[in-house]
Amino acid sequence: MKIPILRLGRILLASIQEDLTDTEAMQFQSDLVNEVAEIEALGVAVDITALDVVDSYMARVINDTASMVRLLGAEVVICGVQPFVAMTLIEMGRDLIGADCTFNLDQGLEQLKTRIASRGDIRFAGDEDE
Amino acid sequence: MVDLPAPSEECGSRRFSIQTEADVMAVARGARQLAEHLGFSQVRAYHLATATSELATNLAVYAGGGMVQLHVIEDPAKANRIGVELRVEDQGPGIPDLALAMTEGFSTGARLGCGLPGASRLMDEFSIDTSAHQGTRIRAVKWRQPALLPTAPISTEAGSLAPTRTAP
Ligand SMILES: Nc1ncnc2c1ncn2[C@@H]1O[C@H](COP(=O)(O)OP(=O)(O)OP(=O)(O)O)[C@@H](O)[C@H]1O
Ligand SMILES: [Mg+2]
């Protein structure tokens with residue numbers, strides 16, 4: 001399953017709908033990293049609302065993805081982490097998800113904008129549509 | 001009192017064959033739906049589903065496949081206390097050093113190594129029987145409600161961060 005990556009100005013949005021196999025995860029990570037580089041993205045929101053379960057394997061995929069994005073200098077936020085998911089992840093292992101998480105996509109985008117703004121990057125315009 | 005679905009064998013048991021990691025999602029989803037159907041709180045249903053996913057993944061990764069079974073069970077000691085029993089069995093190589101495998105961060109597969117320890121924390125009961133000849137059998141139970149909070153319904157919103165795990 002290919003994960004569509006949407007572009008909102010210089011923010012990228014990817015929604016993971018299903019558990020990814022190793023190959024799919026690598027494909028997704030390379031697609032995302034290429035896209036970040038290509039548009040010089042300032043932020044990436046990864047939405048995991050639709051996942052049935054975030055187990056340690058998916059947590060690792062999400063973390064690896066987040067680190068790659070950060071290495072390219074973009075901010076990253078994981079959206080759709082509902083309270084019961086967060087509670088389970090804490091029980092599983094304290095640092096299972098190292099990236100910042102938000103409950104829904106709106107909050108995630110807000111957080112990205114705030115963080116990007118605090119970096120002082122004036123090129124970012126949140127409502128810009130291309 | 002809540003009306004419980006009769007924990008009969010037909011509606012109360014589901015078997016899943018796991019061969020590859022692609023088979024894992026169906027059993028995790030099945031576990032979650034079963035638990036929610038039985039009136040588990042969202043958190044407790046999610047605990048069960050996550051543990052199921054971890055153990056099923058291990059079947060695919062380390063044991064060349066195996067079986068996962070979900071049974072609805074009733075506590076013989078306590079009327080009206082129901083739970084889901086998870087049985088995970090394989091004929092793989094077994095786990096040579098169980099204590100080590102249960103240690104946080106230990107993995108022979110360059111993974112996070114939190115599947116077994118995490119699953120054991122997420123479940124109310126957890127036991128492993130493993131040998132090189134017979135493979136690995138895991139039995140775990142998640143009760144609908146934690147033992148120490150008797151009849152009060154548990155909030156399904158994750159508003160309370162009170163620990164819900166119970167002593168065995
Ligand atoms: N069914 C099994 N058969 C044989 N060995 C197993 C089995 N399940 C687990 N193991 C062994 O126990 C180790 C620990 O398992 P655990 O699930 O805790 O971690 P992991 O699978 O390596 O990483 P993670 O679950 O975090 O992705 C594994 O690396 C493997 O060596
Ligand atoms: Mg594992």
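Begin the tour by selecting chain B: of its contacts with a separation of 6 or more, 62% join residues 24 or more positions apart. The model on screen is predicted. The predictor assigns the complex an ipTM of 0.81 and a pTM of 0.84.

**Chain B as a whole**

Colour chain B by confidence. The average pLDDT of chain B is 86, and 81% of the residues score at least 70. Select residues 6–10 of chain B next: the pLDDT there is below 50, and the stretch has five contacts in the model beyond near neighbours in sequence. Residues 158–164 of chain B also have a pLDDT below 50, with eight contacts in the model beyond near neighbours in sequence. Where pLDDT is low, the predicted coordinates should not be read in detail.

Switch to a cartoon view of chain B. Five helices and five strands make up its secondary structure. Followed from the N terminus, the elements read α-β-α-α-β-β-α-α-β-β. Of the 168 residues in chain B, 36% are buried.

**A residue inside chain B: B:Ala31**

Select B:Ala31, which is found in helix H2 of chain B. Is this residue buried or exposed? B:Ala31 counts as buried because 29 other C-beta atoms lie within 10 Å. Now display what B:Ala31 touches, leaving aside residues up to four places away in sequence: B:Leu48, B:Ala49, B:Thr52, B:Leu70 and B:Val84.

**The interface**

Display both chains together. On the chain B side, 26 residues are in contact with 18 residues of chain A. Helix H2 (24–37), H3 and H5 of chain B are the elements that each give two or more residues to the side touching chain A. The most comes from H3(B), with nine residues. Coloured by class, this side of chain B shows 11 nonpolar, seven polar and eight charged residues.

**Ligand 1**

Centre the view on ligand 1, which lies between chains A and B. It is surrounded by 24 residues, and the closest are B:Asn58, B:Ser107, B:Arg111, B:Gly115 and B:Leu116. Which elements each supply at least two residues of the shell? They are helix H2 (56–71) of chain A, together with helix H3 (42–62) and helix H5 (115–122) of chain B. H3(B) provides the largest share of the shell, four residues. By class, the shell around ligand 1 holds 12 nonpolar, nine polar and three charged residues.

**A loop of chain B: B:Ala110**

Select B:Ala110, in the loop between helix H4 (98–101) and H5 of chain B. Although B:Ala110 is not a glycine, its phi is positive, at about 55°. B:Ala110 is exposed, since 7 other C-beta atoms lie within 10 Å.

**Helix H4 of chain A**

Move to chain A and select residues 105–118, which form helix H4. The 14 residues of this helix should span 20 Å at 1.5 Å a residue, and the distance between the end C-alpha atoms, 20 Å, agrees. Within H4(A), highlight the buried residues A:Gly108, A:Leu112 and A:Ile116. They cover an arc of only 65° around the axis and therefore lie on the same side of H4(A). Their cover includes strand E2 (11–15), strand E3 (43–47), strand E4 (75–79) and strand E5 (100–102) of chain A.

Beyond the helix, select A:Gly120, which follows H4(A) and has a positive phi near 75°.

**A loop of chain A: A:Glu40**

The last stop is A:Glu40, in the loop between helix H1 (22–39) and E3 of chain A. What is the phi of A:Glu40? The value is near 50°, which is positive in a residue other than glycine. A:Glu40 is classed as exposed because 11 other C-beta atoms lie within 10 Å, and a residue counts as exposed at 12 or fewer.

How values were computed. Residues numbered from 1 in each chain as written. Chains lettered and ligands numbered in written order. Predicted model: local features only at pLDDT ≥ 70, side-chain atom pairs only at ≥ 80, totals over all residues. pLDDT = per-residue confidence, 0-100. Contact = placed C-beta atoms within 7 Å. Near = placed C-beta within 6 Å. Nonpolar A, V, L, I, M, F, W, Y, C, P; charged D, E, K, R; others polar. Buried ≥ 20, exposed ≤ 12 C-beta atoms within 10 Å, placed from the backbone. Expected span 1.5 Å × (residues − 1). Arc of directions from axis to C-beta.
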